[in-house]
Amino acid sequence: MTTKPSDAPWADEPFKLIATPSKRLDDHHAYVHCASEMTHSHNVIIRGLNAIIQQAPHVPDSTDPSYNAQDVNDLLFYTQSWAKMLAQHHSVEETYIFPDLKKLSGDSFMMDDALHQHELFHDGLEKLLAYVSSTEPGDYRRDAPGGMKDIIDSFSKDLTDHLYAEIDEILGMGNLDSAGLRQVWDQAEKVAKANGNLGMLYDVFPCVLGCADKTCEGGNTFPPLPGVVLYAVKYWFASGNGAWRFNPCDLWGQPRPLTFVPQ
Ligand SMILES: [Fe+2]
């Protein structure tokens, strides 16, 4: 399923990627489209998390003679961008997608499991955001108690369990009105794009693009962004920022070996 670029460890582990439903389900109901788009988003989040977990151990902190402040600075910025991307994903779900699904289904409890799962990793994510936003490279510690590893370990299992479970929940929506479900999805996509801000072009967008493997399982077109945005991110907003060295793909979605692992 993965298009790992070499035998070295890559962003398809330790947390497994999700198989795209549309590649195996022959059903024209909208739930297949929705579950597949959500799978692409979740795999972006999982690749980013795996890229951090795989590469952070090879970025020495200031207690190590081979410490490089720029590398640590870039790792902190990359992790911050990933955390912002994750927070944005769940905010769109909670604000738009879940309430609309409740309305469409007439079931006021629909997606409550997902909401509960969000709560399980919310505090850990907030802690990580605070840590990477306020820590100076010289003070960064990965392995010390309360350091970045501890914080990520405290919520990564709850997060990935949720990312897998939500796809299964959407795969169970074949009983909903197909056109109505597609409308909820298309509307959420529009609103998410409209709610994006300029700042996200400098952090969230390059992280999404560099974690979206466009060659996965025979190819896909996620994220659905116009070419002009891709060029603007690549040649303007992401330009000159070393944090994108931590991305597992280039900004065109082509997998590449991880920069900070022994090859
Ligand atoms: Fe999701």
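Is Trp-244 buried or exposed? Buried, with a relative accessible area of 7%, where buried means under 20%, exposed over 50% and partly exposed in between, using a 1.4 Å probe and protein chains only.

Before I go on: this is a predicted model, where local features need pLDDT of at least 70, side-chain atom pairs count only at pLDDT 80 or more, and totals for chains, interfaces and linings use all residues. Numbering runs from 1 along each chain as its sequence is written, and side-chain values use heavy atoms, leaving out hydrogens and water.

OK, the overall fold. We have 7 helices and 0 strands; these are DSSP runs numbered from the N terminus, helices being H or I with at least four residues and strands E with at least two. Of the 263 residues, 49% count as buried.

Back to the tryptophan. A search of the whole structure gives 8 aromatic pairs, meaning Phe, Tyr or Trp rings (six-membered ring for Trp) with centres within 6.5 Å; planes under 30 degrees apart are stacked, over 60 edge-to-face, the rest tilted. Phe-77 and Trp-244 have ring centres 5.9 Å apart and planes at 75°, so that pair is edge-to-face. Phe-77 sits in helix H2 (residues 69-105) and Trp-244 in the segment after helix H7 (227-237), so the pair ties together parts 167 residues apart in sequence. Phe-77 itself is partly exposed, at 26% relative accessibility.
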